[in-house]
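Morning, everyone. Please bring up the model on your screens, and we will walk through it together.

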Amino acid sequence: MGGRVPSAIPAKLLAVVVAAILLVGCGRGGGVEEGNTIVRVDGSDTMVNLAQAWAETYHKTRPDVSVQVLGSGSGVGIASLTEGTCDMANSSRKMTDKELKRIRDKYGVDAKEHIVGYDALAVYVHPANPIRAISIGQLAGIYGQYGTITKWSQLGVTNPLADKIIRVSRQNSSGTYAYFRNAVLGKGNDYKLGSIDANGSKDVVALVSRTPTAIGYSGMGYKTPDVNTLPVSKKEGQPGVPPTAENARKGTYPITRPLLIYTRGEPTGAVKEYLDWIVSPEGQKIVDQLGYVSAGEHDAR
Amino acid sequence: MTHADTEFPAKLSKRRSSGLYRLVQAALDAAEPLIEAVIRLCGMSAILFVFAILFFVLVEAAPMLGGKLNLVEFVTSTEWRPTSESHPQYGILALLVGTVSVTGLAMLLAVPLGLGAAVYISEFCPGKPKEALKVVIELLAAIPSVVWGFIGYMVIGPVIIATTGAPVGVNLLNGGIILALMSVPIIVSVGEDALKAVPDSYREAALALGASRWEVVYRVLFPAARNGLLAAVLLGVGRAIGETMAVLMATGHAVEIPHSLVDPIRTLTATIAAELGEVVAGDDHYRVLFVIGLVLFALTFSVNLIADLVVKGIRIEKGS
């Protein structure tokens, strides 16, 4: 008995020590610590899946570079680029003049914009809705501040459940919200209040799939079998263009936006190498895989 | 040595305990002023925190309050367009109406349910089921608000569409039901404590006078436990006003004054939660969100103040 007690303690201790060594070992082997470069990326919620896929794949080819990705939103990403807490800002909208000025004032260089792909904003409706196409003008009539379209019958269709259109929009700080406003309602115009403001790209589609009288807009990569996407025409009477990768690349689909990455001035070093890789065929392949539209090599950078 | 230690631990601790006890006692005596100070600090810290929070929110909101924000328009306009490029507008009337209406509806549902449950548990429920009920209700209080929001979104929403024919399931009614379910556990547990605190002699006296059990509850217990029951209801109101995540998910988050129970609404808390994350620090929009924080602060403060005054009023009435 006397012998058992002392021997039990060292055994436990030993286990702890071994575990600690193993843990530390794993930490070393796992990645960040190899005394190497870290690229910090923040920004668009729309692009966060894409940014993560890029980061993971890039790390496989370049184990000496770690890319840290956050998806706090386009506005926040640009703000942290300005504050210097990230090296690259993903954005699903262009920087405003105010934001550009802030960077210029602080660093003496202009923010550099890089097009790294395209995203088509699809217009979603419930499958039970008989509507088959919509025009930009009609969308503006539905969503715009002074728009007069509030009923499905005004679009020439009979909704089986109710005539009132339920508008699904995004929270007003989102890049998608700002892009749709400029592209569909026109610059300087505002939304009609009273829309249901979903808090994420996925939530728009989820809500529309559950609401037969709803209409919503979100990235085309978020399409599920429970919703329909509408072909969109520039003007009423013209044939609608369905939101496909090809139409977005050709520029015939009217609500296509560039996916942007901003850097402080001309990128250098690891950031430049990473950006070059993103617009290379290898990086652009990932864009297509995730349901976005790759940028042609000529219009990237 | 080790042998003795391991073989007679019980005896050993007994032998030592009296000396150890005295030692601890002496140490405690010496430390008493220190302990007193620590406890006093704990008590004061609540006040300190409240003022620190108020101060922080005020500092962030102050630049807008100094004339930059038209306060009359702020509370009377329904136009909430903080990110408009051409003409930002900050009118919170629709949000204010949203918060008040969803809280009111929740209380309409939760107060009868909660007080009824409290009366049942404290007065009518026999021993065993009573303990089980109390545990289950406490469990209800432990469900995180995101989960409540999810239930509203996934379960209650489709039910509302199916039963009322409403176009959307996320609306005032949905939020009201969710908030009611969230505040019921608080109302029940505080209300039950209040009823339990009424001395049994009151019940016995009433029964001896020939009162029915319902009369005992209605005519004797309710008046006697008035303050406690009021506190229960007001804690429920506080829970409902302050709730954020669940209402964000269940109410539809639409800037609109509701005309019916099944219209989507938006609350003050949900607005702050949805927009503060992506706003540029120091921006007008950012500061206005802090002004909304002040409005919420004032709202809950006045609810508490009214409660306090009502309770005091009851006391004076009793005393005279």
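One definition before we start. A residue is buried if 20 or more other C-beta atoms lie within 10 Å of its own, exposed if 12 or fewer, and partly exposed in between. Keep in mind that this is a predicted model.

Take Ser153(A). Is Ser153(A) buried, exposed or partly exposed? Ser153(A) has 13 C-beta neighbours inside 10 Å, so it counts as partly exposed. Where does Ser153(A) sit? Look in the loop between α5 (136-143) and β6 (166-170) of chain A. What does Ser153(A) touch, leaving out residues up to four places away in sequence? The answer is Thr158(A) and Asp163(A). Now go along the chain to Ile165(A), 12 residues from Ser153(A). The C-alpha atoms of these two are separated by 9.4 Å.

Next, chain B, and helix α6(B). Find Ile156(B). There is a kink of about 40° in α6(B) at this residue.

Now the contact between the chains. Chain B gives 30 residues, and chain A gives 26 residues. Which elements of chain B give two or more residues to the side that touches chain A? They are α1 (2-7), β1 (80-81), α6 (145-164) and α12 (268-276). The largest share comes from α1(B), with three residues. By class, this side of chain B has 13 nonpolar, 11 polar and six charged residues.

Last stop: the domains of chain B. The assignment gives domain 1 (1-68) and domain 2 (89-319). Their C-alpha centres lie 34 Å apart. How many residues does each domain of chain B bring to the contact between them? Domain 1 brings eight residues, and domain 2 brings eight residues. On the domain 1 side, seven are nonpolar, none is polar and one is charged.

Conventions: Residues are numbered from 1 along each chain as its sequence is written. Chains are lettered from A and ligands numbered from 1 in the order in which they are written. This is a predicted model: local features need pLDDT of at least 70, side-chain atom pairs count only at pLDDT 80 or more; totals for chains, interfaces and linings use all residues. Two residues are in contact if their C-beta atoms, placed from the backbone, lie within 7 Å. Helices (H or I, at least four residues) and strands (E, at least two) are DSSP runs, numbered from the N terminus. Ala, Val, Leu, Ile, Met, Phe, Trp, Tyr, Cys and Pro count as nonpolar, Asp, Glu, Lys and Arg as charged, and the others, Gly among them, as polar. The bend at a residue is the angle between axes fitted to the seven residues ending there and the seven starting there. Domain bounds come from an automatic or database domain assignment.
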